[in-house]
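Keep the structure open as you read.

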Amino acid sequence: GMSYASRMGMKVLVVRFFNTIGPRQTGRYGMVVPRFVARAVAGEPISVFGDGTQTRCFCDVRDTVASLDALANNPDSYGEIVNVGNEREISILDLAELIKVRTESSSDIKFVPYEEAYAEVFQETARRRPNLTKFRRLSGFEHKWSLEQTIDELVDAERRKA
């Protein structure tokens with residue numbers, strides 16, 4: 001990858017995305033936020049795998065796209081590998097609770113053991129939080145979309161579907 005690009009004189013920037021969420025996203029591929037939103041809006045139980053203490057960071061797709069533009073427009077970015085995401089960390093259980101609050105839902109939270117969810121031994125990543133030091137230095141980007149704002153848009157879209 002990078003060595004080939006360097007030999008060929010290509011300008012290459014490699015980005016590592018961390019949990020991008022936003023409008024029109026579906027829960028079809030296990031995406032936790034739209035899946036939780038759909039269940040909460042329907043008043044159905046929200047399934048949390050394991051004990052819900054695992055944490056993730058979610059970045060609105062509009063921030064992701066704008067930050068990619070900022071990185072692509074900085075020549076110092078070329079030849080770098082950069083994490084793109086948001087550093088706000090939230091446990092999956094707190095995410096389920098937050099979505100219940102934003103939807104004013106009475107959905108129960110149901111804990112599902114990993115063995116039941118995956119039918120095999122599964123090791124969940126306890127913490128996934130990007131280091132955005134290089135990202136900030138190269139992009140100068142500041143996020144504009146909060147997790148709550150993105151959830152609210154997903155809730156509105158889910159309610160329009162019903």
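The secondary structure of the protein chain consists of seven helices and eight strands. Its C-alpha atoms fill a box of roughly 55 × 35 × 25 Å along the principal axes. The chain has 162 residues, and 38% of them count as buried.

This is a predicted model, so confidence comes next. The mean pLDDT of the chain is 91. A score of at least 70 is reached by 91% of the residues. Confidence is lowest in helix 1, residues 2-8, where the mean is 71. Confidence is highest in helix 4, residues 92-103, with a mean of 98.

Y4, M8 and M10 make a nonpolar patch of about 330 Å². M10 sits in the loop between helix 1 and strand 1, the strand that spans 14-17. What is the relative accessible area of M10? The value is 46%. Exposed means over 50% and buried means under 20%, so M10 is partly exposed.

A rolling probe the size of a water molecule shows where empty space is left between atoms. The second largest pocket holds about 180 Å³ of space. Its lining counts 12 residues, and the closest to the pocket centre are Q25, T26, P34, E158 and K161. Two elements give two or more residues to this lining: helix 2 (32-42) and helix 7 (147-161).

Charged pairs are the next stop. Side chains of opposite charge can pair when their charged atoms come close. The structure holds 10 salt bridges. Three of them are followed here.

Take R62 and E153. They form a salt bridge, with the closest N and O atoms 3.1 Å apart. Which parts of the chain does this pair link? R62 belongs to helix 3, residues 61-72, and E153 belongs to helix 7. These are distant parts of the chain, and the two residues are 91 residues apart. R62 has 26% relative accessibility and is partly exposed. E153 is also partly exposed, at 28%.

Next come E80 and K134. Their side chains meet in a salt bridge, at 3.0 Å from N to O. E80 lies in the loop between helix 3 and strand 6 (81-84), while K134 lies in helix 6 (residues 133-139), so this pair ties together parts 54 residues apart in sequence. With 23% relative accessibility, E80 counts as partly exposed. K134 is partly exposed too, with a relative accessible area of 29%.

Then look at R88 and E148. The closest N and O atoms of this salt bridge are 2.7 Å apart. R88 sits in the loop between strand 6 and strand 7 (89-91), and E148 sits in helix 7. The pair links distant parts of the chain, 60 residues apart. E148 has 18%, so E148 counts as buried, because the cut-off for buried is under 20%.

Finally, return to R62 and E153. Which residues do salt bridges with shared partners join into one network? They are D60, R62 and E153.

Key. Residues are numbered from 1 along each chain as its sequence is written. This is a predicted model: local features need pLDDT of at least 70, side-chain atom pairs count only at pLDDT 80 or more; totals for chains, interfaces and linings use all residues. Side-chain values use heavy atoms; hydrogens and water are left out. pLDDT is the predictor's confidence in each residue, from 0 to 100. Helices (H or I, at least four residues) and strands (E, at least two) are DSSP runs, numbered from the N terminus. Patches are made of residues with over 30% relative accessible area and no salt bridge: like charges are joined within 9 Å, nonpolar side chains (Val, Leu, Ile, Met, Phe, Trp, Tyr) within 5 Å. Accessible areas come from the Shrake-Rupley method with a 1.4 Å probe; for residues, only the protein chains shown count as cover. A salt bridge is a side-chain nitrogen of Lys or Arg within 4 Å of a carboxyl oxygen of Asp or Glu. Buried means under 20% relative accessible area, exposed over 50%, partly exposed in between (1.4 Å probe, protein chains only). On a 1 Å grid over the protein atoms alone, a cavity is a set of points where a 1.4 Å probe fits but cannot get out, and a pocket is an open set with protein on both sides within 12 Å along at least five of seven lines; lining residues have an atom within 4 Å of a point. Grid points are joined across faces, edges and corners, and a volume is the space filled by probe spheres set on the points.
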